[in-house]
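Please keep the sequence and the model in view while reading.

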Amino acid sequence: MSTASIREAIERLSASISADAAKAKAKNVPATARLREGLQCELTGPYHERFLTDMPPAMGGAAAGPNLGWLLRGALASCTATVIAMRAAKEGIALHTLEVTVETDSDLRGILGMDDGVSARHAVMRMKVKIGAPGVSPEALRELVAWAEAHSPVSCTVKEAPACSLQVELVKE
């Protein structure tokens, strides 16, 4: 899709929401993972997408798909890149380079249950953005990236942890 097409789509959606703010609220499509074999899970999406995840052999998996921590990093990287590209299109900036890399640090004792005092969370997240656009100042590109990072749904969710709930449904065998 071209920069102009992206800008037009964003403008149409923004105008629709401006006319009726209730249209801005949405219950997002759920993601469902079903255990297939070993540690492999299949994710299915709203358009019948199918995606396989797995853990590396050191964790008992077969590495048949990306692991879940990588998916989290990938979600953060691709969401940030997407919002940067959307904002660039809205501002009429033609990007010639955009690459977002996310790294994390973690302690495997958490996921393995070796020490209840050690969380399974990713303790540190680092994001690096490589960006270039002809005729656009470095300051303008930095502002573009900062704006997008502050408006990326995945980034905001990671930084502003939402309320979470858990419901368990038991199935009789």
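Which residue in S3 stands opposite Thr-44? The residue is Arg-50. The model is a predicted one, and the points below are grouped by topic.

**The sheet**
- Three strands form an open sheet in the order S1-S2-S3, and their pairing is antiparallel.
- Strand S1 (32-37) and strand S3 (50-53) are the edge strands, each of which pairs on one side only.
- From one strand to the next, the twist averages 30 degrees.
- Strand S2 (residues 40-44) is joined to S3 by 4 bridges in the antiparallel sense.

**Arg-12 and helix H1**
- Arg-12 lies in helix H1 (residues 3-19).
- Because its relative accessible area is 54%, and over 50% counts as exposed, Arg-12 is exposed.
- Arg-12 and Thr-44 are 32 residues apart along the chain, and 29 Å separates their C-alpha atoms.

**The largest nonpolar core**
- In soluble globular proteins, nonpolar side chains tend to be buried together.
- The largest nonpolar core has 15 residues, of which Ile-84, Ile-93, Val-100 and Leu-144 touch the most other members.
- Two or more residues of this core come from each of helix H2 (68-91), strand S4 (97-106) and helix H4 (138-151).
- With 7 residues, H2 gives the most to this core.
- Leaving aside residues up to four places away in sequence, Leu-144 has contacts that include Ile-84, Arg-87, Ile-93 and Ile-131.

**Aromatic rings**
- The charged end of Arg-87 is placed over the ring of Trp-147, at 3.8 Å from the ring centre.
- Across the whole structure, the search finds 0 aromatic pairs.

How values were computed. Residues are numbered from 1 along each chain as its sequence is written. This is a predicted model: local features need pLDDT of at least 70, side-chain atom pairs count only at pLDDT 80 or more; totals for chains, interfaces and linings use all residues. Side-chain values use heavy atoms; hydrogens and water are left out. Rings of Phe, Tyr and Trp (its six-membered ring) pair if their centres lie within 6.5 Å; planes under 30 degrees apart count as stacked, over 60 as edge-to-face and the rest as tilted. A charge sits over a ring if NZ of Lys or CZ of Arg is within 6 Å of the ring centre and within 35 degrees of the ring normal. A nonpolar core is a set of buried Ala, Val, Leu, Ile, Met, Phe, Trp, Tyr and Cys residues joined through side-chain atoms within 4.5 Å. Buried means under 20% relative accessible area, exposed over 50%, partly exposed in between (1.4 Å probe, protein chains only). Contact means heavy atoms within 4.5 Å. Two strands pair if DSSP finds at least two bridges between them. Axes are lines fitted to C-alpha atoms, for helices over the stretch in contact, and angles run from 0 to 180 degrees between N-to-C directions.
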